[in-house]
Amino acid sequence: MSAATTSASGGRPGLTPPASATAPVRHPDAPAPGEPLGAHYEQCFGCGAGQPHGLQLVPRAGEGVSVTAEFTVRPAHQGAPGLAHGGVLASALDETLGALSWLLRVIAVTGRLETDFLRPVPVGATLYLSARCEAVAGRKIYSSAQGRLDSPKGPVAVRADAMFVEVDVQHFISNGRSEEIRGVMADPDRIKVARAFEVNP
């Protein structure tokens with residue numbers, strides 16, 4: 001089966017890899033399976049420790065081009081009383097999908113994200129998140145993710161298909177807060193490649 005036919009997108013326009021797509025290749029310098037990937041930016045809502053009401057996800061490298069993470073819904077993440085806000089759940093999936101770039105060793109941003117909400121997720125519940133890269137076509141990276149309730153084998157509560165687009169650091173310098181990005185890039189405690197990933201959203 002080709003990479004183009006293994007996507008979980010089920011034929012959604014814009015999320016189905018083209019016939020020319022290739023299978024993703026884990027970079028030889030990617031973190032080992034089980035290794036935590038850390039935050040790419042301390043102020044990131046998804047993974048940054050500097051955001052007290054953020055998700056504070058800690059993705060871990062999986063086998064192949066896959067990652068896992070856990071997210072416990074706190075009161076600050078509510079939408080309806082006692083239930084997680086759908087946008088927060090979509091953010092958790094997006095953050096997990098974005099962590100795949102650490103294994104490909106590219107800088108990528110979300111181009112498209114489609115999320116299905118299958119079950120309500122109550123405050124206090126833990127989502128076991130997993131994401132896998134399905135295919136690559138030029139600068140486009142196709143991937144899928146899901147969140148299971150209460151255990152890695154629990155019922156699927158949310159799932160998503162995504163297309164990320166590879167960019168370079170100039171994207172953030174031109175469109176973000178350049179002084180903060182330049183400060184991160186100038187940090188002498190980080191190796192060159194880590195500096196680039198530090199600003200990757």
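The part I mean is Asp94, which sits in helix α1. What does Asp94 touch, and how far away is the nearest side chain of opposite charge?

A: Bear in mind that this is a predicted model. Asp94 belongs to helix α1, so let's start with the helix: α1 covers residues 86-98, and its 13 residues should span 18 Å at 1.5 Å a residue.

Now for the surroundings. Of the 13 residues in α1, 10 are buried, so the helix is largely enclosed by the rest of the structure.

Zooming in on Asp94 itself, and leaving aside residues up to four places away in sequence, you find it touching Thr110, Leu113 and Phe164.

Then there's the charge. Side chains of opposite charge can pair when their charged atoms come close. Asp94, though buried, has no salt bridge. Its nearest side chain of opposite charge is Arg112, and that is 12 Å away. A salt bridge here needs a nitrogen-to-oxygen distance within 4 Å.

What is Arg112 doing instead? Its side chain meets that of Glu114 in a salt bridge, 2.6 Å from N to O. Arg112 is partly exposed, with a relative accessible area of 33%, and Glu114 is partly exposed too, at 21%. Asp94, by contrast, is buried.

The structure holds 2 salt bridges. Besides the Arg112 and Glu114 pair, there is one between the side chains of Arg159 and Asp116, at 3.2 Å from N to O. That pair links distant parts of the chain, with Arg159 in strand β6 and Asp116 in strand β3, 43 residues apart. Arg159 is partly exposed, at 41% relative accessible area.

Buried residues make up 44% of its 201 residues, and Asp94 is one of the buried ones.

Notes. Residues numbered from 1 in each chain as written. Predicted model: local features only at pLDDT ≥ 70, side-chain atom pairs only at ≥ 80, totals over all residues. Heavy atoms only, no water. Helix = DSSP H or I, 4+ residues; strand = E, 2+ residues; numbered from the N terminus. Expected span 1.5 Å × (residues − 1). Buried < 20%, exposed > 50% of the residue type's maximum accessible area, 1.4 Å probe, protein only. Lys, Arg positive; Asp, Glu negative; His and termini not counted. Contact = heavy atoms within 4.5 Å.
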